Amino acid sequence: MSVSSAQREELERLLERYMTERGLKSTRQRSLIIDLFFDMHGHLSVEDVWSRVRQDDPRVSVATVYRTMKLLSEAGLAHARNFGDGQTRFEPAVGREHHDHLICTRCGTIIEFENDQIERMQDAVARRHGFKVTSHKMELYGLCKNCQK
Ligand SMILES: [Zn+2]
Ligand SMILES: [Zn+2]
């Protein structure tokens, strides 16, 4: 699922505001990284994004990609995920419904799922404890269909 052009505009507005507030300048390299990231799919490590970016501009350093991804996640435009393999993976936070993940510990396949019933039960648990949930993530680890064979 890729980000629509309306969502892209919204995203650019949010990012611009975030950067202006912090006195950050948008650079050509940074814009390139952001453009490519939102065109890619899946749950991407800095290395994944970097190798895509280098096809367009070999001068971009991995440190610049790292800082840009950090910026996107601080601005709330990307989710930084940690699936237990020591790699931080990023996925767009705009243009997506909330979803959770099944992670195969053998081959690394990541399956996304949404389940209204689980969401409602989480809300009920929180309510029972007088707890206000601001975010959550559910990650189920195990073996995918292929790896069970
Ligand atoms: Zn697997
Ligand atoms: Zn996901």
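**Close-up views of a predicted model**

**View 1. The hairpin of β4 and β5.** Five residues lie between the two strands of this hairpin, and Gly108 there adopts a positive phi near 85°. Strands here are DSSP runs of E with at least two residues, and helices are runs of H or I with at least four, numbered from the N terminus. β4 (residues 100–104) and β5 (residues 110–113) run antiparallel, joined by four bridges. Look for His101, which stands opposite Glu112 in β5.

This is a predicted model, in which local features need pLDDT of at least 70 and side-chain atom pairs count only at pLDDT 80 or more, while totals for chains, interfaces and linings use all residues. Residues are numbered from 1 along each chain as its sequence is written, and side-chain values use heavy atoms, leaving out hydrogens and water.

**View 2. An open sheet of three strands.** The order is β5-β4-β6, with mixed pairing; two strands count as paired if DSSP finds at least two bridges between them. β5 and β6 (139–142) are the edge strands, each pairing on one side only. β4 and β6 pair in the parallel sense over four bridges, and Leu102 has Leu140 in β6 as its bridge partner.

Note on methods
Chains lettered and ligands numbered in written order.
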